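Let's take a friendly walk through a protein model together. Have a look at the picture first, and then we'll explore how some of its parts pack.

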Amino acid sequence: MEVYLTCPSCGAQYPEDEVAWRCRCGCYLDLDFAPRFDPASLEGPECFLRYRSVLPLTFPKKALTFGESFTPLHPMVFYGVPVQAKMDFLLTTGSFKDRGAFLMINKCREMGITRIVEDSSGNSACAMAAYSALAGIEAHIFMPAGNSSAKTVQVRTYGATLHKVPGTRSDCARAAEEAAKNSYYAAHTWNPYFLHGTKTVIYEIMEQSHWQAPDVIIVPVGSGSQFLGIWLGLQEMKRAGVISRYPRLVAVQSEHCAPLKNFMEGQQTPQLPKEPILAEGIAIRQPPRLRQILQAINETGGETVTVTDRQIVDALKASARQGVYIEPTSAAAVAAVEQLKDRLQKEERVVVSLTGHGLKATSRVEKIPDNI
Ligand SMILES: [Zn+2]
């Protein structure tokens, strides 16, 4: 079956082997790939490849993995609300981005690509560098200068070439796009394969829930790569008749960078502060797929929630006091529970996505004043 990359804005189509990362009209591209999911057909161990029937890989049996297993769906209580925490920070590189990198890098292997360029605020760079190391692919990672040192060290140690770009996240993206003229631009913010990888998280959540959809799923949102992966998987499962209604998808952003809220209010997103913000993983002023994120919110009856640094710190501590050490970006999703709690029905099942490991943000966490 020939798969095309298609533009939802102007309708243009690109064959897979053209390796286009963006439409000529400037819009992101989606994959013209609508698998028919059947839970009865699942076989094999609890790993990414268990869902190979819905993954856009030509040779899934040849795919390289770290033998990743399901991440726990762990019961916790935040602000008096019982939730299930999806502990994706336990994946190999310490964040959910492994799911996208797994798919993306294996797709590169299938297409014979030996050199990739990625720009990232941290976690996706780590994931791309690790899976590139696994696959023997040369990875060039563009990262804003001033990012968490732990992530920078992690990327370099995997053997990727690190290019630190002064200025904003957009300056970094521009530098990567320039470099990508000679390499494959594996930008997780644009790339639809990445989303088909991140969607494995919702298949896992559903299987761990005996195919009963939760009522609410709360996700920190920067470029929306997990949020949109969840949306993609939910649509596939609805098409297959596995679910009859969508959980409400809640997109959480920091008060310092809230383009979803700004867009809804008809405002521009202000420039970011010079200093790196606490929830650095979701500090993306202009997510390429912003309209798609808003569509997912609308179609699921979800919402966007904006949280303050103080709420993030409280949430981070509330999680750690239950033995779960997450990075501030993940704590943003926990913080949203407090804002939502009065509107949740008692019997509703809430899933909170814990996206990144606390050990990645030690330098940031240790600077949090005790009195904040
Ligand atoms: Zn287009």
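How close do the axes of helix α7 (residues 225-239) and helix α9 (residues 290-300) come, and at roughly what angle do they cross? They come within 10 Å and cross at roughly 50 degrees. Before going on, note that this is a predicted model: local features need pLDDT of at least 70, side-chain atom pairs count only at pLDDT 80 or more, and totals for chains, interfaces and linings use all residues. Residues are numbered from 1 along each chain as its sequence is written.

Helices here are DSSP runs (H or I, at least four residues), numbered from the N terminus. Axes are lines fitted to C-alpha atoms over the stretch in contact, with angles running from 0 to 180 degrees between N-to-C directions. α7 and α9 are therefore oblique to each other; angles under 35 degrees count as roughly parallel, over 145 as roughly antiparallel, 65 to 115 as roughly perpendicular and the rest as oblique. Phe-227, Leu-228 and Trp-231 of α7 meet Gln-292, Ile-293 and Ala-296 of α9, where contact means C-beta atoms, placed from the backbone, within 7 Å.

Now turn to helix α2 (residues 123-135) and helix α3 (residues 149-157), whose axes come within 8 Å and cross at roughly 15 degrees. This pair is therefore roughly parallel. On the α2 side the contact is made by Asn-123, Ala-125, Cys-126 and Ala-129, and on the α3 side by Lys-151, Gln-154 and Val-155.

Finally, find Ile-218, which touches Val-250, Val-252 and Ala-333, among others.

Technical notes
Helix = DSSP H or I, 4+ residues; strand = E, 2+ residues; numbered from the N terminus. Contact = placed C-beta atoms within 7 Å. Lists of a residue's contacts leave out its neighbours within four places in sequence.
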